[in-house]
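Hi,

Here is the structure I promised to pass on to you. My notes on what turned up in it follow below.

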Amino acid sequence: MEEILYELRDHSAGLNCGIWDYSASFVNKFGHRHNFLLPDRSKYVNMEKRFLRSYMDLLVQTCHRRGALATGGMAALLLPQDPLTDSHQRVLATVTR
């Protein structure tokens, strides 16, 4: 991460991390191999698992130490229009988490 930030210092504002980044890297590296199977993302591969949580924490610490932005992945949830509904609050709570 340090090297990426250094090499791209004139072209990038920071680094992004999230489950989609990890999944894309995994598929790019192992997708052509038939003996690799991606686990259920919602159950086994999410940002609350130790490995991905550590990855996110390291990225944030590295970016902040270098004065770069650390951004999270996209939140693939639709926000209901009425802000007074329970579903609206649940979506906001999930994205905030």
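Aspartate 57 and arginine 53 are about one helical turn apart, because they sit 4 residues from each other in helix H3. Their side chains meet in a salt bridge, at 3.7 Å from N to O. Aspartate 57 counts as partly exposed at 31% relative accessibility, and arginine 53 is also partly exposed, at 39%. Please keep in mind that this is a predicted model.

A search of the whole structure gives 3 salt bridges. Glu2, Arg65 and Arg66 are linked in a network of them. In the pair of arginine 65 and glutamate 2, the closest N and O atoms are 2.7 Å apart. This pair links distant parts of the chain, with arginine 65 in helix H3 and glutamate 2 in helix H1 (residues 2-7), 63 residues apart. Arginine 66 also forms a salt bridge with glutamate 2, and here the closest N and O atoms are 2.5 Å apart. Since arginine 66 lies in helix H3 and glutamate 2 in helix H1, the pair ties together parts that are 64 residues apart in sequence.

How accessible are the members of this network? Arginine 65 is exposed, with a relative accessible area of 57%. Arginine 66 counts as partly exposed at 45%, and glutamate 2 is partly exposed at 26%.

With a relative accessibility of 3%, threonine 62 counts as buried.

Leu5 also belongs to the largest nonpolar core, which has 6 residues: Leu5, Leu15, Cys17, Leu59, Cys63 and Ala68. Strand S1 (14-17) and H3 are the elements that give two or more residues to this core. Alanine 68 is in contact with Leu5, Ala13, Gly14 and Cys63, leaving aside its neighbours within four places in sequence. As background, nonpolar side chains in soluble globular proteins tend to be buried together.

Lastly, the aromatic residues. How many aromatic pairs does a search of the whole structure find? The count is 0. Tryptophan 20 lies in helix H2 (residues 19-30) and counts as partly exposed at 40% relative accessibility.

Best wishes

Key: Residues are numbered from 1 along each chain as its sequence is written. This is a predicted model: local features need pLDDT of at least 70, side-chain atom pairs count only at pLDDT 80 or more; totals for chains, interfaces and linings use all residues. Side-chain values use heavy atoms; hydrogens and water are left out. Rings of Phe, Tyr and Trp (its six-membered ring) pair if their centres lie within 6.5 Å; planes under 30 degrees apart count as stacked, over 60 as edge-to-face and the rest as tilted. Buried means under 20% relative accessible area, exposed over 50%, partly exposed in between (1.4 Å probe, protein chains only). A nonpolar core is a set of buried Ala, Val, Leu, Ile, Met, Phe, Trp, Tyr and Cys residues joined through side-chain atoms within 4.5 Å. Contact means heavy atoms within 4.5 Å. A salt bridge is a side-chain nitrogen of Lys or Arg within 4 Å of a carboxyl oxygen of Asp or Glu.
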